[in-house]
Amino acid sequence: MNLRVIDTCAPDLGAILVTGATGPVGQRLVQALLAQGLSVSILTRSPRRVQALWPNAGIRVHCGDLTDPGSLGGLGDAIQTVFHLASHHPGPDEPDLYNAPDHWRVSAEGTGHLLRALADSPIERLVYVSSVRAAASPPPCVYGRAKHAAEQQVLAFGQRYGSKVSVLRLPMVYGLDGAGNLERLVRAVAARRFPPWPRLEQRRSAIHVEDAVAAMLLIACHPETSGQLYVATDGQTYSTRWIYEQILHSLGRPLPRWTVPLWALRLAAASGSLGERLLRRPLPLTLETLAKLTQDACYDGSALRRLGFAARYDLGSEIERLVQQLGFASALSPAPPPARSADSD
Ligand SMILES: NC(=O)c1ccc[n+]([C@@H]2O[C@H](COP(=O)([O-])OP(=O)(O)OC[C@H]3O[C@@H](n4cnc5c(N)ncnc54)[C@H](OP(=O)(O)O)[C@@H]3O)[C@@H](O)[C@H]2O)c1
């Protein structure tokens with residue numbers, strides 16, 4: 001990516017408000033903004049967490065909740081740029097992550113409250129961080145529908161108030177140490193809790209968190225992003241089988257000679273979904289998880305690349321790094337790398 005664009009324009013972003021700053025992606029964004037010496041305000045329900053994350057960083061904290069419009073007064077005062085990342089994060093006891101009713105309260109209704117609070121302030125630009133799950137028509141889950149509703153609202157806000165508003169949809173994000181699905185997958189394969197995955201044709205997009213942050217900054221800085229919707233990808237597509245083989249390769253383990261048949265996975269997943277409903281707690285394999293692991297989720301990131309964006313990370317190197325970091329790397333010579341099944345999006 002043309003980092004000079006960001007270096008040159010970052011000071012023009014003025015005072016910046018970040019929502020969702022304490023989430024795993026928001027934390028990296030705030031670190032990047034602070035590293036540029038920018039003035040950062042944060043909307044949070046947990047000021048103590050902000051204090052713990054960035055002691056003495058000079059961050060202005062607005063204690064408020066997107067679901068409570070009364071707590072958002074004065075939020076946009078003296079703010080020029082908004083990065084809106086806040087999103088409901090389902091708790092560990094909340095089954096069906098993508099259909100938790102609070103997604104609607106936080107993303108759809110909460111974004112409406114946020115925009116009403118900002119309407120009195122002449123903000124210059126807003127970047128809304130959404131999800132590729134908002135792309136289907138109609139989105140199949142509450143999360144996707146709520147994100148889509150929020151996208152529509154922010155774009156309408158830009159048109160009405162003349163602010164430069166853009167939407168960035170993210171696919172699976174990796175590089176989220178301790179907070180990502182990839183780390184769970186590496187741990188499961190290392191502990192032999194992940195079955196020898198079938199060789200299914202599948203194409204999924206993904207992005208490293210640092211590249212996602214770079215994309216947000218580029219969109220905020222670039223003069224031609226008003227009213228536009230972008231997807232950030234690392235330019236590759238991946239299958240679960242490829243990821244599985246890459247993890248084994250990094251662990252220095254050979255590929256198993258057999259694979260579990262898809263029908264057996266479907267049966268186990270159906271039992272998992274039923275169990276989740278009966279026990280009212282999340283289980284590792286459900287029909288929803290299986291769909292995520294087997295279906296295509298490939299998105300076109302070319303609009304962002306035309307702005308000069310180029311990802312610096314890829315999933316293969318991230319898996320190597322994670323395996324090392326988690327202490328699973330073997331002293332034995334590694335298995336041969338998996339045949340290439342990642343290609344450009
Ligand atoms: N992580 C991924 O793999 C991924 C993939 C695609 C898209 N995205 C999108 O990227 C964005 C960032 O993701 P993330 O994983 O870092 O964050 P997240 O865990 O989805 O969101 C948690 C953040 O949202 C804030 N939040 C939640 N409810 C709120 C409320 N009622 N009022 C105010 N703030 C509220 C929390 O703030 P406090 O607790 O401090 O109040 C926290 O900072 C999200 O919009 C997400 O949908 C993420």
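How do the residues of the shell around the ligand divide into nonpolar, polar and charged? There are twelve nonpolar, 13 polar and three charged. In this count Ala, Val, Leu, Ile, Met, Phe, Trp, Tyr, Cys and Pro are nonpolar, Asp, Glu, Lys and Arg are charged, and the others, Gly among them, are polar.

Before I go on, this is a predicted model: local features need pLDDT of at least 70, side-chain atom pairs count only at pLDDT 80 or more, and totals for chains, interfaces and linings use all residues. Residues are numbered from 1 along each chain as its sequence is written.

First, the whole chain. It has twelve helices and nine strands; these are DSSP runs, helices being H or I with at least four residues and strands E with at least two, numbered from the N terminus. The radius of gyration is 21 Å, close to the 20 Å that the globule rule gives for 345 residues, so the chain is as compact as a globular protein of that length. That radius is taken over C-alpha atoms, and the rule is 2.2 Å times the number of residues to the power 0.38. Of the 345 residues, 43% count as buried, meaning that 20 or more other C-beta atoms, placed from the backbone, lie within 10 Å of the residue's own.

Next, the domains, whose bounds come from an automatic or database domain assignment. Domain 1 is 3–170, and domain 2 is 176–205 + 236–298 + 313–345. Their centres, taken over C-alpha atoms, are 31 Å apart. Seven residues from domain 1 and eight residues from domain 2 make the contact, where contact means C-beta atoms, placed from the backbone, within 7 Å.

Back to the ligand. Of the 28 residues around it, G23, V25, R45, S87 and V173 come nearest; a residue belongs here if its C-beta atom, placed from the backbone, lies within 6 Å. Which element gives the largest share of this shell? That is α2, with three residues.

So let us look at α2. This helix covers residues 24–35 and reaches 17 Å from its first C-alpha to its last. After α2 comes G37, with a positive phi near 75°.

Notes:
The expected span of a helix is 1.5 Å times one less than its number of residues. A residue is buried if 20 or more other C-beta atoms lie within 10 Å of its own, exposed if 12 or fewer, and partly exposed in between; C-beta atoms are placed from the backbone. Two residues are in contact if their C-beta atoms, placed from the backbone, lie within 7 Å.
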